[in-house]
Amino acid sequence: MDRNSIQKKIESQKDILGSLISKAKSEGIDEVEIFSSYGYSEDVSLEKNDLNNCTATEENMFGIRVVTAGKQGFSVSNHLPSLYESIKEAYSLAKAQTTPDLDLVLPEPDPILKTFDSYDPTIDGLGMEDLVGFAKTTLGLRSEKFPKVNIDSGEFSISKGFKLIVSSKGISVGEIGAGISGSFMGMAVDGDLVGSFDYDSASGNHKSEFLPRFEKAFSTFGEKCMGALNARTYPSFKGKVLLPPDAVYSFFLGSFIGSLNGTSLRKGKSKMAGNLGKQVASSLLNIWDDPTIPGYAGTTSFDREGQATKKQPILTNGVLDTYFYNTFEAKKAGFKKSNGFATGGAQSLPSAGPRQLQIQPGQTPKDEFFNQTGKTLFVNRISGTSDGPSGDFSGVIKGGYVLEAGEKIPVKEVQVVGNVFQAMNQIEAISKEGELLGESYFVPYILLDGFSVTGVTG
């Protein structure tokens, strides 16, 4: 499968799906949307420090949404020849609904000024042999640099495909893409000493971009695993918490972003309701979503409903700028159209959220964070529970350490309890440096103050 065949496939499907929708309209099914997601991948997996399997897969999924008189039906198919039967099935499901809502409509076309093409043609020169080469390089790096790290599982993939939306409202837009990715999971083991599990990954749109990212990710993975090997218990203390980029999202950003979802707001499950234009976080925090940055993994010109995407502020100096709406939630909130935040794929109805979050860097060199006075807990991962509506969370820190007087002390059985929305107001500093997580989200280091860290005495 190469670029030309994928381009021909998407163009052919545009015509086929358009014809099916025209047929549906002629039979009285007026509002139909078809989301097509096509993917071809070649994969090589690792297991227990060795090559495991080589596979090639191809899949085309179709999500069919039919709306009639404020009622909605949805069906999923992977069989193009019988797709019209799936349209009729979705129509039957819609008619069977007993709670119509006139805000439930398909969106009107939104001008898409430019579509993005992330398919670098050089990727067609890569294949299974290259993936095996990446896997062998990984095993070599492990033996050379991190012999005590066990790779429990890993995978290298070359993926190619497209997404396409065609609707009876006149939407017909698609994008093709391709990429290389690698991931690894495991832990360090030294005799009776066993560290905690860790994970890392890298991706890119072509080989020259992927290789340095992959080698850096594996080194980071190995260092994190080894850092957790000699962890010890540590007494409780009050102090600061340092979040590296990986931990920023899992520690507080994910719950905050979830609270801006239109559905959560409408159902009264969000603490951010009624806070537009208000200070909800430290004035140091600036966040925006920009799915239009060229070359990033989440770059796209349109959302799950075919509406145009654009750069949009979320927090400006800690002040809340926007909520996330798909078409239905926007209508329920009193707007004429969505703001381009519909998310999801062929196997689900549209939800809402960001695609490519960017956090503005701060003024502090990250090295200063590692030389604080007092005690600072460095959070690698947090394993625990969180309550979305309230923002309360508690968890055990995995692979973390305490920074004290220039020393890094690996710790275990250390717990942190807090509240997401309070934590966003406990930001002391943000680093100048950051990382591009998943080649999509730019996140700096963030230092929080005023935390009670529960450890083990004795």
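Me: A crossing is left-handed if the near helix is turned anticlockwise from the far one by less than a right angle, and right-handed if clockwise. What makes the crossing of α1 and α2 right-handed or left-handed here?

Reply: The crossing of α1 and α2 is right-handed. By the definition, then, the near helix is turned clockwise from the far one. This is a predicted model, where local features need pLDDT of at least 70, side-chain atom pairs count only at pLDDT 80 or more, and totals for chains, interfaces and linings use all residues. Residues are numbered from 1 along each chain as its sequence is written, and side-chain values use heavy atoms, leaving out hydrogens and water.

Me: Why is α1 called oblique to α2?

Reply: Helix α1 covers residues 3-26 and helix α2 covers residues 83-96 (helices are DSSP runs of H or I, at least four residues; strands are E, at least two; both are numbered from the N terminus). They pack at an angle of about 45°, with axes 10 Å apart (axes are lines fitted to C-alpha atoms, for helices over the stretch in contact, and angles run from 0 to 180 degrees between N-to-C directions). Under 35 degrees is roughly parallel, 65 to 115 roughly perpendicular, over 145 roughly antiparallel and the rest oblique. About 45° falls in the rest, so α1 is oblique to α2.

Me: Which residues make the contact of α1 with α2?

Reply: L17, L20, K23 and A24 of α1 meet L83, Y84 and I87 of α2 (contact means heavy atoms within 4.5 Å). By class, this contact has six nonpolar, no polar and one charged residues (Ala, Val, Leu, Ile, Met, Phe, Trp, Tyr, Cys and Pro are nonpolar; Asp, Glu, Lys and Arg are charged; the others, Gly among them, are polar).

Me: What is the angle between α3 and α4 called, and why?

Reply: Helix α3 (residues 128-145) and α4 pack at about 30°, with axes 11 Å apart. That angle is under 35 degrees, so α3 and α4 are roughly parallel. Their crossing is right-handed. The contact includes F134 and L141 of α3 and F210 and F214 of α4. Its residues divide into six nonpolar, three polar and five charged.

Me: How do you know which element gives the most to the lining of the largest pocket?

Reply: A pocket is an open set of points on a 1 Å grid over the protein atoms alone, where a 1.4 Å probe fits, with protein on both sides within 12 Å along at least five of seven lines; lining residues have an atom within 4 Å of a point. In the largest pocket, 35 residues line the space, with D200, T220, K224, D246 and E435 nearest its centre. α4 gives the most, with seven residues. The lining has 14 nonpolar, eight polar and 13 charged residues.

Me: Which element gives the most to the second largest pocket?

Reply: β5 does, with seven residues. The lining there has 38 residues, with S118, G177, A178, A297 and T299 nearest the centre. They divide into twelve nonpolar, 17 polar and nine charged.
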